[in-house]
Every structure is written in structure tokens, then in C-alpha cells.
Amino acid sequence: MSPLPTSAEAFPTDGDLAWWAPLSVLRPAVDARLPAPGAPLRVAFVGQRTYFEVCAQLSASPVVEPTFVEFRSGSDPTDLLRRLDRIDPHVVVMFRPEIVPAATLHELRAIKIGFLTEPLPRAGDDSHPDLARRLQDLSMVDESQFDRFVVFDPGIADAAGRYLPVWRSQPLPVADEVFVDVLDRHAEVRSLFVGRTTPHREQWLLPLKHMYDLMHVEHGVYGTALVDLARQFLIAVNIHNEPYPSFENRVPLHLAIGNLVISEPLSPSNGLDAGFDYLEASTPDDLVSFVGLITEDPAQFEWMRLRGRQKAEAFRASRVYARLLLDALFDIAEFGRRR
């Protein structure tokens with residue numbers, strides 16, 4: 001028998017189902033229920049729908065048969081277990097694992113992956129009060145409930161490592177349903193920003209609001225409604241929550257929708273090239289200037305909008321989760337359920 005691949009990267013993720021056969025060899029080592037050869041993994045994506053539905057896989061693929069389960073801080077964990085019992089998942093992907101009460105998932109046989117989605121202090125950076133609060137929230141995590149932990153940003157791995165073992169860094173994916181196949185021309189140039197108001201954001205957005213047509217949506221629009229709204233705008237603006245570096249998942253989301261994105265500097269870049277895939281604004285004046293240039297001649301930025309849409313494919317949920325979950329199975333087969 002030929003040796004097994006060491007990574008799920010060796011397997012295709014669509015079409016031919018023969019890629020699944022070697023996983024039957026892993027069944028005893030994984031110490032978890034796996035589907036029959038050729039059948040997809042039943043995966044429960046758990047989190048607050050407002051924020052994470054567009055980051056989950058929503059439609060079935062050859063690798064994943066997904067279900068999204070609403071759960072937010074303060075929700076009834078007993079109800080969560082009832083819903084998971086009905087789904088009977090092979091894998092649970094939990095967004096914000098720190099909000100799950102201690103011991104809730106201990107008896108769940110499924111493989112459990114915690115996905116850390118919140119910014120945390122970075123090594124060498126002065127700790128912002130917002131980051132300190134989020135780190136305090138993370139300290140409540142019951143890491144014994146999970147088999148592997150994924151962080152959305154490699155820069156936070158050291159801080160997260162105080163409370164749990166970090167296995168992988170992976171930016172939040174974008175649901176396949178978000179992606180557009182054809183970039184429609186916009187009759188007028190309008191800009192959209194989605195996010196709650198903070199002093200930092202107002203410092204950036206106020207000059208733009210005074211000079212150009214900017215819609216600021218603070219809350220109440222998410223999921224498919226957000227996607228439908230964003231498709232009506234040519235420009236999508238991304239401003240950090242607070243003045244510390246980060247990479248917001250709304251950037252690849254807007255690129256997938258087909259928006260021309262203007263963003264504060266991103267850290268990490270996650271493969272996106274400033275000046276080619278999106279416009280990078282270092283100051284509020286830059287933001288105003290870019291919107292002015294686009295308003296004068298939007299056609300000259302169509303190539304950037306197209307390139308950004310193409311680069312968003314790296315974040316497509318069905319591709320990302322296929323590789324991530326299969327890699328997790330191989331890792332668990334090699335090193336066990338608990339790190």
C-alpha cells in the first residue's frame with residue numbers, strides 16, 4: 001500500500017470522491033466517528049449568526065455537509081446540545097469558543113475545533129484597553145472541550161497561547177453564497193461602510209460623509225441582506241474598530257461581492273496586495289482623495305475590482321474548510337484528540 005499523504009492539500013476538494021478513501025485507514029487513529037467512504041463530513045458551524053453566518057460554509061460540497069447553529073454569549077448550553085444531538089455532526093466548528101460554558105461539549109463525540117475570531121494584544125505592541133478586555137474574555141475559555149484551536153491572525157497566537165494550544169492560523173473564510181460571478185457596472189459611485197461607530201471610525205468617516213455619498217450601516221443588516229445591500233454600492237470602506245492593526249473579514253467579503261475596497265492598512269495582508277487588489281488609505285485624507293478619484297473616473301479602477309474579486313477566491317469557504325478539516329483529521333490521527 002502506498003504511503004498516506006501528510007496533508008489534506010494532496011486531495012482534490014470537488015468532483016471525484018476518490019480522495020476520501022484513504023481516510024478510512026485513519027478511522028481507528030482519529031478516535032472519532034467518520035462518515036462512510038465517499039460521504040461528506042457533517043459539520044455544525046456554531047456561533048452568532050449576525051457575525052459568522054457569512055464566515056461559515058452554508059451549502060453542501062463533496063467534503064462538507066454543513067448546518068449553521070445559532071449560539072451567542074449567554075445562550076442556553078442545554079439547548080445547544082439538543083440541537084447538536086439532532087444534527088449528529090462529525091465535526092463542530094465553534095466561532096468564539098470562549099463563550100461556551102465550561103464542560104458543555106465534554107460528552108460530544110464529534111471533533112471540536114475552536115475558531116478564535118477576536119483581536120488580541122500582539123507581542124511588542126502597547127496593549128489597547130479594547131484588546132485587554134478581549135484577552136480577559138478569552139481567559140474564560142475551557143480549552144479541554146476542544147481538540148484543536150485556530151486563530152484568525154497569527155499575530156495573536158502568543159497571547160492566545162496563555163490559555164489554549166494554538167494549532168493553526170487561518171483568516172475567516174467567506175461563504176460561497178457571497179461571491180458574484182459577474183461584476184455589474186454601477187450607474188453612480190456610492191460608498192458603503194458597515195460597522196458600529198467608534199471614535200476612531202468617526203475620525204476617518206466624518207470628512208468623507210461631508211463630501212461624498214457614504215452610507216454607514218451600524219447594525220441590523222447581516223447575512224444575505226448585507227450581501228444584497230453591498231451589491232448596490234461600488235465602493236466598500238474598511239476602517240479598524242480601534243487604532244490597532246488587524247485584518248477584518250469584511251475585506252475579503254466585500255471583494256467577493258465585487259466591491260472596490262478602500263481600507264486602512266491591513267495586518268496581516270493574507271495575500272492581498274495593496275494598490276492592486278484594494279486601495280490602502282493611510283489617513284482620512286487618503287480616504288477622501290481615493291473616493292474623489294473613483295468618482296471622477298470609476299472605469300480606471302475596474303481592473304482593480306476584478307483582481308480583488310479573483311483574489312477573494314482564496315477565502316472561499318468550501319475550499320478553505322475542506323482543507324482545514326481534512327488537515328485536522330490527519331493531525332488528530334498523528335497526535336491524538338487533545339494537544
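**Pocket**

I started with the largest pocket and looked up what surrounds it: 43 residues line it. Tyr51, Glu118, Arg201, Asn249 and Arg250 are the ones nearest its centre. I kept in mind that this is a predicted model.

How much space lies in the largest pocket? I noted about 1200 Å³.

Next I sorted the lining by class and got 18 nonpolar, 13 polar and 12 charged residues. I also checked which helices take part: α2 (49–52), α4 (129–138), α7 (223–230) and α8 (250–257) each give at least two residues to the lining.

**Cores**

I moved on to the largest nonpolar core, which has 84 residues. Those touching the most other members are Phe45, Val46, Leu84, Phe95 and Val178. Which helix gives the most to this core? I found α11 (residues 317–335), with 10 residues.

Setting aside neighbours within four places in sequence, I found Val178 in contact with Val54, Val227, Arg231, Leu253, Ala256 and Ile257.

There is also a second, separate core of 20 residues, and I saw Leu234, Ala281, Phe301 and Met304 among them.

**Arg190**

Where is Arg190 found? I placed Arg190 in the loop between β6 (168–169) and β7 (191–194).

Leaving out residues up to four places away in sequence, I listed Asp213, Gln232, Phe233, Leu234 and Ile235 as what Arg190 touches. Last, I noted that a polar atom of the Arg190 side chain lies 3.5 Å from the backbone oxygen of Gln232.

Definitions and conventions: Residues numbered from 1 in each chain as written. Predicted model: local features only at pLDDT ≥ 70, side-chain atom pairs only at ≥ 80, totals over all residues. Heavy atoms only, no water. Core = buried A, V, L, I, M, F, W, Y, C linked by side-chain atoms within 4.5 Å. Buried < 20%, exposed > 50% of the residue type's maximum accessible area, 1.4 Å probe, protein only. Helix = DSSP H or I, 4+ residues; strand = E, 2+ residues; numbered from the N terminus. Contact = heavy atoms within 4.5 Å. 1 Å grid on protein atoms, 1.4 Å probe; cavity = no way out; pocket = protein on both sides within 12 Å on 5 of 7 lines; lining within 4 Å. Points joined across faces, edges and corners; volume = space filled by probe spheres on them. Nonpolar A, V, L, I, M, F, W, Y, C, P; charged D, E, K, R; others polar. Polar contact = N/O pair within 3.5 Å; in protein donor to acceptor, adjacent residues only side chain to side chain.
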